[in-house]
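Here is a briefing on one protein chain. Take a look at the sequence and the model before reading on.

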Amino acid sequence: REEELFKGRSETCVKYEFASKDLSKGAVRAGGYTVMQNYGMHCIHPLNNAVGITIDISRKAPPHIPSSKFDDIGERLLKSVSFVGFLE
């Protein structure tokens with residue numbers, strides 16, 4: 001698991017990514033396991049610091065499928081999030 005302050009945002013956010021093996025019966029029957037990857041961030045809402053927001057994207061894939069495209073999609077998603085003033 002990897003976590004770090006997200007320097008690509010002005011809000012206080014921690015970006016994370018991690019992967020785990022899926023050893024469910026279906027994955028094992030298919031000849032091994034699949035990898036579950038998560039890419040996301042936890043943020044303090046900029047208009048109400050009592051509120052935390054989590055944004056996350058995940059994928060499930062065989063271990064031999066590269067994750068570079070998924071990482072790029074995740075990074076673009078996290079940079080695109082905007083916070084609105086719905087919290088008073």
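The points below cover the fold, the sheet, the core and the salt bridges.

This is a predicted model, in which local features need pLDDT of at least 70, side-chain atom pairs count only at pLDDT 80 or more, and totals for chains, interfaces and linings use all residues. Residues are numbered from 1 along each chain as its sequence is written, and side-chain values use heavy atoms, with hydrogens and water left out. The chain holds 2 helices and 4 strands. Their order from the N terminus is β-β-α-β-β-α.

**Overall build**

- Helices (H or I, at least four residues) and strands (E, at least two) are DSSP runs, numbered from the N terminus.
- The chain has 88 residues, and 28% of them count as buried. Buried means under 20% relative accessible area, exposed means over 50%, and partly exposed lies in between (1.4 Å probe, protein chains only).
- Among contacts in the chain with a separation of 6 or more, 50% are between residues 24 or more positions apart. Contact means heavy atoms within 4.5 Å.

**The sheet**

- The 4 strands form an open, antiparallel sheet in the order E1-E2-E3-E4. Two strands pair if DSSP finds at least two bridges between them.
- Strand E1 (2-5) and strand E4 (52-61) are the edges; each has a single partner strand, so one side of each has no neighbour in the sheet.
- From one strand to the next, the twist averages 15 degrees. Axes are lines fitted to C-alpha atoms, for helices over the stretch in contact, and angles run from 0 to 180 degrees between N-to-C directions.
- E2 and E3 run antiparallel and are joined by 10 bridges. Here Lys-21 stands opposite Val-35 in E3.
- Strand E3 (residues 34-44) also pairs with E4, antiparallel and over 10 bridges. Tyr-39 has Ile-57 in E4 as its bridge partner, and Asn-38 stands opposite Ser-58 in E4.
- Is E3 mostly covered or uncovered? It is mostly covered, with 8 of its 11 residues buried.
- Helix H2 (residues 68-80) lies across strand E2 (13-22), E3 and E4, and runs at about 15 degrees to E3.

**The nonpolar core**

- In soluble globular proteins, nonpolar side chains tend to be buried together.
- A nonpolar core is a set of buried Ala, Val, Leu, Ile, Met, Phe, Trp, Tyr and Cys residues joined through side-chain atoms within 4.5 Å.
- Which residues make up the largest nonpolar core? The 9 residues are Phe-6, Cys-13, Tyr-39, Met-41, Cys-43, Phe-70, Leu-78, Val-81 and Phe-83.
- E3 and H2 are the elements that give two or more residues to this core. The largest share, 3 residues, comes from E3.
- Met-41 is found in strand E3. Met-41 is buried, with a relative accessible area of 0%.
- Beyond its neighbours within four places in sequence, Met-41 is in contact with residues including Phe-6, Cys-13, Ile-53, Leu-78 and Val-81. The C-alpha atoms of Met-41 and Ile-53 are 8.1 Å apart, though 12 residues separate the two along the chain.
- Leu-78 touches Phe-6, Tyr-39, Met-41 and Ile-55, among others, not counting residues up to four places away in sequence.

**Salt bridges**

- A salt bridge is a side-chain nitrogen of Lys or Arg within 4 Å of a carboxyl oxygen of Asp or Glu. By this rule there are 6 salt bridges.
- Glu-4 and Lys-15 meet in one of them, at 3.7 Å from N to O. Glu-4 lies in strand E1 and Lys-15 in strand E2, so the pair ties together parts 11 residues apart in sequence.
- Glu-4 is partly exposed, at 37% relative accessibility, whereas Lys-15 is buried, at 12% relative accessible area.
- Glu-75 forms a salt bridge with Lys-79, with the closest N and O atoms 3.8 Å apart. Both lie in helix H2, 4 residues apart, about one turn of the helix.
- Glu-75 is buried, with a relative accessible area of 18%. Shared partners join Glu-4, Lys-15, Glu-75 and Lys-79 into one network of salt bridges.
- Glu-11 forms a salt bridge with Arg-9, with the closest N and O atoms 2.8 Å apart. Both residues, Glu-11 and Arg-9, are buried.
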